[in-house]
Amino acid sequence: MKFLIGLLHRILIQGNLGIVRAWVAPLCYYWIPLGLFVYLMVSYFVGDLEHQSEELGNWGMILFFVILLVKPVMQIFPKFRIFGTIVGLRRELGVLCMWFVLTHGFGPMLESELWKSENFLPLLAWDNYLLWGIVGGLGMLILGITSNKVSVKFLKRNWKRLHLIIYPVMIASILHVIFIDIEEYWMYAVLGVVYVGMKLWLWRKKRG
Ligand code: HEM
């Protein structure tokens with residue numbers, strides 16, 4: 001019991017993720033994306049692509065909200081250093097989130113045959129979940145491919161401006177799932193409101 005409390009204290013309060021931290025970058029950049037790609041290929045050729053795709057979408061969404069919420073939560077609860085540790089890993093987690101979303105969208109994109117006008121035109125309705133999924137997916141692609149030192153150096157001050165697209169990406173992702181099934185996914189809309197609320201509260205606090 002004492003060991004467990006000590007471990008929880010080290011992880012939550014001291015934010016010490018130990019060896020896990022050193023593994024996060026290789027896991028997020030290579031091994032998990034590789035695993036996702038294999039998973040996708042196996043589901044495409046022998047498994048149930050639709051079911052696997054939904055699973056990847058759910059994981060992508062959870063990861064996306066962890067990345068969004070962790071910074072304001074860290075600012076509100078500075079005593080728990082674990083949030084600060086996760087904030088330090090946001091770049092890696094963001095890239096991982098992009099891979100989840102891209103592999104999630106691959107199957108539906110292939111099946112919906114959007115290059116045919118009879119499939120493409122219905123997409124342009126404001127309440128079409130696929131439209132919002134594609135908007136969110138494209139936004140995540142932009143965020144993911146610019147989440148590295150080279151892009152920060154190259155884009156300079158514009159990097160921060162570009163990464164403000166996280167807000168429209170969040171809205172598009174929420175609309176995507178709300179239009180699929182509001183009863184199942186209302187929680188994400190609540191989390192979106194909580195996120196904006198926390199940001200506004202912190203902003204007002206900073207201004208005094
Ligand atoms: C890349 C473009 C995207 C496409 C083509 C796409 C397509 C789809 C499709 C066809 C479904 C299944 C709908 C149904 O059950 O009737 C789905 C579900 C879902 N998508 Fe996406 N999506 C995309 C992007 C995103 C993004 C950006 C997110 C947010 C991170 C996301 C999260 C989800 C979630 C959570 C589900 C529900 C999974 C479930 O039913 O268990 N998708 N998406």
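**Helix packing in the predicted model**

In H5, the residues Gly94, Val95, Cys97, Met98, Val101, Leu102, Gly105, Pro108 and Ser112 meet Leu130, Gly133, Gly137, Met140, Leu141, Leu143 and Gly144 of H7, two residues being taken as in contact if their C-beta atoms, placed from the backbone, lie within 7 Å. The residues of this contact between H5 and H7 divide into 10 nonpolar, six polar and no charged, where Ala, Val, Leu, Ile, Met, Phe, Trp, Tyr, Cys and Pro count as nonpolar, Asp, Glu, Lys and Arg as charged, and the others, Gly among them, as polar. H5 and H7 pack at an angle of about 145°, and their axes are 9 Å apart; axes are lines fitted to C-alpha atoms, for helices over the stretch in contact, and angles run from 0 to 180 degrees between N-to-C directions. The crossing of H5 and H7 is left-handed, a term used if the near helix is turned anticlockwise from the far one by less than a right angle, with right-handed used if clockwise.

The model is a predicted one, in which local features need pLDDT of at least 70 and side-chain atom pairs count only at pLDDT 80 or more, whereas totals for chains, interfaces and linings use all residues. Residues are numbered from 1 along each chain as its sequence is written.

The protein chain contains 11 helices and zero strands, helices (H or I, at least four residues) and strands (E, at least two) being DSSP runs numbered from the N terminus. Along the principal axes, the C-alpha atoms of the protein chain fill a box of roughly 60 × 45 × 40 Å. Of the 208 residues of the protein chain, 23% count as buried, a residue being buried if 20 or more other C-beta atoms lie within 10 Å of its own, exposed if 12 or fewer, and partly exposed in between, with C-beta atoms placed from the backbone. Among the contacts in the protein chain with a separation of 6 or more, 71% are accounted for by residues 24 or more positions apart.

The largest nonpolar core has 27 residues, and those with the most contacts inside it are Cys97, Met98, Trp99 and Phe100; such a core is a set of buried Ala, Val, Leu, Ile, Met, Phe, Trp, Tyr and Cys residues joined through C-beta atoms within 7 Å. Two or more residues of this core are given by each of helix H2 (19-45), helix H3 (49-76), helix H5 (90-112), helix H7 (129-145) and helix H10 (166-180), and the largest share, eight residues, comes from H5. Leaving aside residues up to four places away in sequence, Phe100 touches Leu36, Leu56, Trp59, Gly60 and Leu63.

H5 also packs against H3, the axes of the two helices coming within 8 Å and crossing at roughly 155°. H3 and H5 are therefore roughly antiparallel to each other, angles under 35 degrees counting as roughly parallel, over 145 as roughly antiparallel, 65 to 115 as roughly perpendicular and the rest as oblique. The crossing of H3 and H5 is left-handed, and among the residues of H3 that take part are Leu56, Trp59, Gly60, Leu63 and Ile67, while those of H5 include Gly94, Cys97, Phe100 and Val101. The residues of this contact divide into 12 nonpolar, seven polar and two charged.

A further packing contact joins H7 to H10, at an angle of about 150° and with the axes 8 Å apart, which makes H7 roughly antiparallel to H10. The crossing of H7 and H10 is left-handed, and the residues of their contact divide into 12 nonpolar, five polar and no charged.

Individual positions were also examined. Gly94, found in helix H5, is buried, with 20 other C-beta atoms within 10 Å, and touches Ile67, Leu143, Gly144 and Ser147 when residues up to four places away in sequence are not counted. Glu113, in the loop between H5 and helix H6 (117-120), has a positive phi of about 45° although it is not a glycine, and is exposed, with 10 other C-beta atoms within 10 Å. Lys156 lies in the loop between helix H8 (149-155) and helix H9 (157-162); the phi of Lys156, a residue other than glycine, is positive, near 50°, and Lys156 is exposed, with 9 other C-beta atoms within 10 Å.
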